[in-house]
Amino acid sequence: MVEKWLSGRMTKTLFEEIRASVTNNSNDDRSFWRPVLPWGGVYTIKAGRKAMACTPLYVRISLKNTCSIDGFLMLLYVILSENENFRRELPNYLGKEFVERFLYLMDSCKFTTVKLLWIWDKMEKCQYKSEIHKASLEIDLFGNEHENFTRNLENLMSTIQETFCSNGRCPARSQEDQRKTIIICPSHDSLLGDVIQAAVDELFCPRTELCEELGYTLEGATLFSKEEHHYSAAFMIDGNWMHYDGLRTENLVFLNKPPELLLLSSLVYIRD
């Protein structure tokens with residue numbers, strides 16, 4: 001169990017609180033007791049003081065349409081919290097300081113700051129719209145998940161394929177080919193192309209797919225509502241699937257059946 005000491009008291013991380021809430025509640029309709037990573041967000045900056053009145057001047061940063069990053073941020077936090085190998089490997093791609101800061105902010109429930117960390121540290125200015133309204137900056141993340149999240153992880157999702165020819169007279173005995181798409185091969189007992197559908201039909205049951213000598217385990221999924229033009233996410237804790245939806249008041253709920261009226265957007269596999 002990962003725990004923190006704050007003000008002389010031992011407290012659980014946010015992930016451990018969620019895990020305890022799931023395992024200690026037998027109600028099929030159970031949900032986490034407080035909102036986690038809610039949609040949007042407002043961040044207030046103390047910008048300076050007025051010369052005459054000496055009253056603080058605050059500038060607001062308002063975030064809107066954040067669901068295009070919210071689901072993946074939630075999945076990133078859960079996977080980092082329970083997968084030690086991933087936690088050791090990810091800093092090589094995103095940076096140690098970013099990963100440590102991200103986990104600290106999530107565990108501190110500073111959810112708007114978490115989103116700003118991703119926006120300013122990992123996104124390019126051209127990926128989002130921003131407007132100034134008086135003393136408020138509004139950042140609009142309207143778009144899809146690839147535009148605002150996964151395209152910024154291309155180095156993490158890429159693999160280098162090395163080939164070597166045993167013929168001494170070969171003009172190119174050693175070659176490297178960087179690929180940004182990993183093909184998950186279905187098992188022999190399933191039809192080609194059935195991997196994604198099977199994961200949906202079985203309520204995203206965790207399974208390991210083999211790609212040559214590497215195994216990939218399904219860790220989560222993102223979902224899309226055509227009616228609301230909105231993304232959400234699903235992930236597993238201790239054998240229980242949870243549905244995260246930043247728009248809802250109770251936005252982290254137990255998932256005991258496939259979510260209705262939602263389309264599968266992405267499946268998230270992690271290499272074993």
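Two strands are taken to pair if DSSP finds at least two bridges between them. Helices (H or I, at least four residues) and strands (E, at least two) are DSSP runs, numbered from the N terminus. The structure is a predicted model, in which local features need pLDDT of at least 70 and side-chain atom pairs count only at pLDDT 80 or more, while totals for chains, interfaces and linings use all residues. Residues are numbered from 1 along each chain as its sequence is written, and side-chain values use heavy atoms, with hydrogens and water left out.

Strand β11 (residues 230-237) pairs with β12 in the antiparallel sense over five bridges. The hairpin of β11 and β12 has two residues between the strands, and Asp238 there takes a positive phi near 50 degrees. Strand β13 (residues 252-254) is joined to β12 by three bridges, and these two strands run antiparallel. Met242 stands opposite Phe254 in β13, and Phe235 stands opposite Met242 in β12. Buried denotes under 20% relative accessible area, exposed over 50%, and partly exposed the range in between (1.4 Å probe, protein chains only). Five of the five residues of β12 (residues 240-244) are buried, so the strand is largely enclosed by the rest of the structure. In a regular strand the side chains alternate between the two faces of the sheet. Both faces of β12 are covered, with Asn240, Met242 and Tyr244 buried on one side and Trp241 and His243 buried on the other.

A pair of aromatic rings is described by the distance of the centres and the angle of the planes. Rings of Phe, Tyr and Trp (its six-membered ring) pair if their centres lie within 6.5 Å; planes under 30 degrees apart count as stacked, over 60 as edge-to-face and the rest as tilted. Five aromatic pairs are found in a search of the whole structure. The ring centres of Phe72 and Phe149 are 5.0 Å apart and the planes lie at 15 degrees, so this pair is stacked. Phe72 belongs to helix α2 (residues 67-82) and Phe149 to the loop between α7 (145-148) and α8 (154-157), so the pair ties together parts that are 77 residues apart in sequence. Phe72 is buried at a relative accessible area of 10%, and Phe149 is buried at 2%. Trp118 and Phe149 are also stacked, because their ring centres are 4.1 Å apart and their planes lie at 10 degrees. Trp118 lies in helix α6 (residues 111-122), 31 residues from Phe149, and the pair thus links distant parts of the chain. Ring pairs link Phe72, Phe98, Phe102, Trp118 and Phe149 into a cluster. A charge sits over a ring if NZ of Lys or CZ of Arg is within 6 Å of the ring centre and within 35 degrees of the ring normal; Lys122 lies over the face of Phe98, at 4.8 Å from the ring centre.

Helix α1 (residues 14-23) packs against α2 at an angle of about 90 degrees, with the axes 10 Å apart. Axes are lines fitted to C-alpha atoms, for helices over the stretch in contact, and angles run from 0 to 180 degrees between N-to-C directions. The two helices α1 and α2 are therefore roughly perpendicular to each other, a term for angles of 65 to 115 degrees. Through contacts (heavy atoms within 4.5 Å), Leu14, Phe15, Ile18 and Arg19 in α1 meet Met74, Tyr77, Val78, Ser81 and Glu82 in α2.

Note on methods. Parallel < 35°, antiparallel > 145°, perpendicular 65-115°, else oblique.
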